[in-house]
Amino acid sequence: MSLGSALMKCHAHVSKEMWSAVIGPACNKLLQDSEADVRLAVVGGFSSLGNSPEGKDVAPRLTEVIIALANDPKWRIRETVVQQLPALIANLGKSAEDVVSVCVNALDDRVAAIREIACCLLYTSPSPRDS
């Protein structure tokens, strides 16, 4: 497990004050890392936040990273990004339009596994307008 995903998963075990003062800023710093794998680790752990206040805090900052990682040449990175979209859309609510477009664009991915995930997500996900 990487530092990024571990930080995202520890939200249930720390106080809101510690999240705001230490963990949230650390996640923000990792989201700005030049390595795609580091940013992906934070994104990959996002679904563990669920529909929590911490998830709503981090979600808007993930949008730009998600859009950038969705175009990464490594298909495993694109796959992980698409898998995290439902949690991100749930936390963004009505401001999820840019993220939904990532899912729609994944329908044209050259890797069949990514197209399949995107298709299933679009079929089963509620509309962000319903949030």
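The points below concern the confidence, the nonpolar core and the charged residues of this predicted model.

1. On confidence, the protein averages a pLDDT of 81, and 94% of the residues score at least 70. Among the helices, the mean is lowest in α1, at 76, and highest in α7, at 87. Where pLDDT is low, the predicted coordinates should not be read in detail.

2. The largest nonpolar core holds 38 residues, and of these F46, L62 and L85 touch the most other members. At least two residues of this core are supplied by each of α1 (3-9), α2 (16-31), α3 (36-44), α4, α5, α6 (97-106) and α7 (112-124). The largest share, eight residues, comes from α5. For L85, if residues up to four places away in sequence are not counted, the residues touched are I66, V99, V102, C103 and L121.

3. The count of salt bridges comes to three. One of them joins the side chains of D37 and K74, at 3.9 Å from N to O. This pair links distant parts of the chain, since D37 belongs to helix α3 and K74 to the loop between α4 and α5, 37 residues apart. D37 counts as partly exposed because its relative accessibility is 43%, and K74 counts as partly exposed because its value is 47%.

4. Another salt bridge is formed by the side chains of E79 and R76, at 3.2 Å from N to O. Both residues lie in helix α5, three residues apart, which is about one turn of the helix.

5. D109 forms a salt bridge with R78, and the closest N and O atoms of the pair are 2.6 Å apart. Here too distant parts of the chain are linked, with D109 in the loop between α6 and α7 and R78 in helix α5, 31 residues apart. D109 counts as buried because its relative accessibility is 12%, and R78 counts as buried because its relative accessibility is 4%.

6. D72, in the loop between α4 (53-69) and α5 (75-92), deserves a separate comment. This residue is buried yet has no salt bridge, and the nearest side chain of opposite charge, that of R39, is 5.3 Å away. The side chain of D72 does, however, reach the backbone nitrogen of K74 at 2.8 Å. Leaving aside neighbours within four places in sequence, D72 is in contact with A36, I77 and R78. Of these contacts, R78 is the partner of D109 in the salt bridge described above, while K74 is the partner of D37.

7. D108 is found in the loop between α6 and α7, and its relative accessibility of 70% is why the residue counts as exposed. D109, in the loop between α6 and α7, counts by contrast as buried, at 12%. From C-alpha to C-alpha, D108 and A118 are 9.4 Å apart in space, and ten residues separate them in sequence.

Methods. Residues numbered from 1 in each chain as written. Predicted model: local features only at pLDDT ≥ 70, side-chain atom pairs only at ≥ 80, totals over all residues. Heavy atoms only, no water. Helix = DSSP H or I, 4+ residues; strand = E, 2+ residues; numbered from the N terminus. Buried < 20%, exposed > 50% of the residue type's maximum accessible area, 1.4 Å probe, protein only. Lys, Arg positive; Asp, Glu negative; His and termini not counted. Salt bridge = Lys/Arg side-chain N within 4 Å of Asp/Glu carboxyl O. Polar contact = N/O pair within 3.5 Å; in protein donor to acceptor, adjacent residues only side chain to side chain. Contact = heavy atoms within 4.5 Å. Core = buried A, V, L, I, M, F, W, Y, C linked by side-chain atoms within 4.5 Å. pLDDT = per-residue confidence, 0-100.
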